[in-house]
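Good morning, and thank you for making time for this item.

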Amino acid sequence: MSEAFTVDWKAMSEASGGFPPASFDFVREGLQHTVGRIHGATGSALVDDGGGDDFDDAGDESRHVSGADLCLGLRELALRRYGLLARTVLHRWNIRETADFGRIVFAMIEAGLLRKTEEDSFDDFVGVFDFDEAFDPAETA
């Protein structure tokens with residue numbers, strides 16, 4: 001990617017349903033976390049961070065993660081980072097169900113920040129877990 005590559009956050013937010021830039025950053029970091037968890041430390045980021053080097057690795061399907069795996073990784077990262085406030089933080093970003101993660105991911109794909117395989121689908125993100133159960137303090141303790 002060239003240094004002139006810029007992200008139109010407003011357009012990407014509108015295309016995805018109104019998620020703020022912080023939610024896209026969280027999903028990007030969650031992807032790195034999930035790739036590392038599934039594929040080990042050698043699993044590099046599959047997103048463009050503006051430097052260009054990582055984006056070229058996006059085509060490497062050996063580091064691919066499914067929508068469901070990404071949702072679970074995002075849950076884990078949210079709980080690790082925000083603890084009992086995880087659901088509150090996600091709600092503040094308008095993320096209320098796993099399908100919202102999919103909306104963000106597919107907006108990032110459309111913007112050229114992520115790549116997908118032919119098998120990847122928005123449906124992979126639907127109903128992976130229930131937010132109320134997944135972020136219930138009694139269940140996460």
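How many aromatic pairs does a search of the whole structure find? The search finds nine, where rings of Phe, Tyr and Trp (its six-membered ring) pair if their centres lie within 6.5 Å, and planes under 30 degrees apart count as stacked, over 60 as edge-to-face and the rest as tilted. One of them is the pair of F106 and F122, which is edge-to-face, at 6.5 Å centre to centre with 75° between the planes. This pair links distant parts of the chain, with F106 in helix 6 and F122 in the loop between helix 6 and helix 7 (131–134), 16 residues apart.

Before I continue, a word on the basis of these values. This is a predicted model, in which local features need pLDDT of at least 70 and side-chain atom pairs count only at pLDDT 80 or more, while totals for chains, interfaces and linings use all residues. Residues are numbered from 1 along each chain as its sequence is written, and side-chain values use heavy atoms, with hydrogens and water left out.

F129 is buried because its relative accessible area is 14%, and F135 counts as buried at 3%. Ring pairs also join F129 and F135 with F101 and F131 into a cluster.

Let me now turn to the overall fold. The protein chain has eight helices and zero strands; helices (H or I, at least four residues) and strands (E, at least two) are DSSP runs, numbered from the N terminus. Of the 141 residues in the chain, 39% are buried. Among contacts with a separation of 6 or more, 70% are between residues 24 or more positions apart, contact meaning heavy atoms within 4.5 Å.

Which residues have the most contacts inside the largest nonpolar core? They are F26, L90, I95, F101, M108 and F135, in a core of 32 residues. A nonpolar core is a set of buried Ala, Val, Leu, Ile, Met, Phe, Trp, Tyr and Cys residues joined through side-chain atoms within 4.5 Å. Two or more residues of this core come from each of helix 2 (21–39), helix 4 (67–82), helix 5, helix 6 and helix 7. In soluble globular proteins, nonpolar side chains tend to be buried together.

Next, the packing of helix 2. Its axis and that of helix 6 are 10 Å apart, at an angle of about 90°; axes are lines fitted to C-alpha atoms, for helices over the stretch in contact, and angles run from 0 to 180 degrees between N-to-C directions. Helix 2 and helix 6 are therefore roughly perpendicular, since angles of 65 to 115 degrees count as such, under 35 as roughly parallel, over 145 as roughly antiparallel and the rest as oblique. In this contact, S23, F24, F26, V27 and R28 of helix 2 meet F101, I104, V105, A107 and M108 of helix 6. These residues divide into eight nonpolar, one polar and one charged; Ala, Val, Leu, Ile, Met, Phe, Trp, Tyr, Cys and Pro count as nonpolar, Asp, Glu, Lys and Arg as charged, and the others, Gly among them, as polar.

Helix 2 also packs with helix 4, at about 110° with the axes 8 Å apart, and so these two are roughly perpendicular. By class, that contact has ten nonpolar, four polar and six charged residues.

The axes of helix 1 (residues 9–16) and helix 2 come within 10 Å and cross at roughly 80°, which makes them roughly perpendicular. W9, M12, S13 and S16 of helix 1 make this contact with P21, F24 and D25 of helix 2.

Finally, two loop residues. N94, in the loop between helix 5 (86–92) and helix 6 (98–110), has a positive phi near 70°. Most residues other than glycine have a negative phi. N94 is partly exposed, at 35% relative accessibility. G40 lies in the loop between helix 2 and helix 3 (53–56), and its C-alpha is 9.4 Å from that of R63, 23 residues apart in sequence.

Terms used. Buried < 20%, exposed > 50% of the residue type's maximum accessible area, 1.4 Å probe, protein only.
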